[in-house]
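I opened the notebook to check a set of annotated positions and the metal ions. My entries follow the order in which I looked things up.

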Amino acid sequence: MRVLGIETSCDETGVALYDTERGLAADALYSQVAMHAEYGGVVPELASRDHTRRLLPLIQQVLDEAGVARGELDAIAYTAGPGLVGALMVGASTAHGMARALDIPVLGVHHMEGHLLAPMLENAPPGFPFVALLVSGGHTQLVEVHGLGRYTLLGESVDDAAGEAFDKAAKMLGLDYPGGPHVARLAEAGDPGRFRFPRPMTDRPGLDFSFSGLKTHTLTTLRQLEAEGALDGAAQADVARAFEDAVVDTLVIKCRRALDQTGLKRLVVAGGVSANIRLREGLAHECAKRHARAYYPRGRFCTDNGAMIAYVGARRLQAGEHDETGIMKAVPRWPMETLSVP
Ligand code: ATP
Ligand code: MG
Ligand code: FE
């Protein structure tokens, strides 16, 4: 079964072709990051318009690369949510229009289920069950995954997502959007011993997170340094390091708890923040101690992409799921626990 996957939930236009017999045949991405950087964050209206410009050429590019004609597609999957509603509508309407023209099934899939199962596209994919840490721009969640569509939420952020916290800290440090990679780079030069930021919600049991306090802590520290006339490049790097260490440590502590609580030995880490090197090092260390293993998507599938949507769509379409004719879905908020088992 050849499934075209379309991702337009935020600021990345992603398209891929997944073949259930041969695996991933082609994938392409157009990132709007440079366009939004000017505004310090994603501007929803600009995002929708740019998806409209990029999507059809990107679909053609993927079909050409895969050597597949439009008429040879068996189904289409698109991101139906969660995300920016205008951006989602571009993918949803394109998918439904194409599917109607080609007379093939179409299915709206959950963006976070895509992130969650992105490691399944790798060579030695994890088997079920596993614990998943989803750390992206909009989500920080620990999920127990029993199988496709069988998810138990173990914990989540009560305020900002980890990626969002990175982006806000970056802004305070005068770094570009999206801030995660920039903060990480600056932190490399920082002294880990100069400042110690709190590890929120680790002093009590439970698997929820809170990152908004770290944002305030970062701002207060920067203001104080400025008042002392001590806010030079070195101090900024030290603050970046203290911030990154606090976020990473918090995530590692909660992952350790989730593995202990469930007794599972497999940890999947996905979403944009999973690209963070210090997080990977910390989790590798924890996993080694308890003979567990961590699984990641390849670098370009850590952030938004069409491949993860094509993959999840293929698994569900194969099981017979599809949208009703003419009923396209664009759902800004969509809890993952409400997903069905195909
Ligand atoms: P969601 O999937 O929740 O809807 P999103 O799609 O915007 O949100 P992703 O594209 O998966 O999120 O990830 C983007 C986020 O990852 C940004 O917040 C970015 O700062 C962060 N990020 C990327 N690389 C790194 C890194 N090396 N260290 C820390 N954070 C990073
Ligand atoms: Mg993104
Ligand atoms: Fe995402």
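I started with Asn276. I found Asn276 in the loop between β9 (266–270) and α9 (277–289). The model is predicted, and I kept that in mind throughout.

I then listed the neighbours of Asn276. Leaving out residues up to four places away in sequence, Asn276 touches Phe166, Ala184, Glu244 and Val248. For Glu244 I also noted a polar contact of 2.9 Å between its side chain and that of Asn276.

I checked the record for Asn276. An unreviewed UniProt entry lists Asn276 under "binding site", along with Leu134, Val135, Ser136, Gly137, Gly138, Asp167 and Gly180.

I moved to Gly180 from that list. Gly180 lies in helix α6 (residues 180–187). I logged Gly180 as buried too, because its relative accessible area is 18%, against a cut-off of 20%.

Which residues does Gly180 touch, not counting those up to four places away in sequence? I found Phe166 and Asp167. Asp167 is also in the UniProt "binding site" list. Phe166 turned up among the contacts of Asn276 as well.

Last, I looked up the metals. The magnesium ion (ligand 2) is coordinated by Asp11 (OD) and Glu12 (OE), at 2.7 to 2.8 Å. I noted both Asp11 and Glu12 as buried. The iron ion (ligand 3) and the magnesium ion (ligand 2) are 5.5 Å apart.

Key:
Residues are numbered from 1 along each chain as its sequence is written. Chains are lettered from A and ligands numbered from 1 in the order in which they are written. This is a predicted model: local features need pLDDT of at least 70, side-chain atom pairs count only at pLDDT 80 or more; totals for chains, interfaces and linings use all residues. Side-chain values use heavy atoms; hydrogens and water are left out. UniProt positions are given in the numbering used here, feature names are shortened, and annotations may be inferred rather than shown by experiment. Helices (H or I, at least four residues) and strands (E, at least two) are DSSP runs, numbered from the N terminus. Buried means under 20% relative accessible area, exposed over 50%, partly exposed in between (1.4 Å probe, protein chains only). Contact means heavy atoms within 4.5 Å. A polar contact is a pair of N or O atoms within 3.5 Å; within protein, one must be able to donate a hydrogen and the other to accept it, and residues adjacent in sequence count only if both atoms are side-chain atoms. Donors are N, O and S atoms within 2.8 Å of the metal (3.2 Å for Na, K and Ca); water is not among the atoms, so sites may look incomplete.
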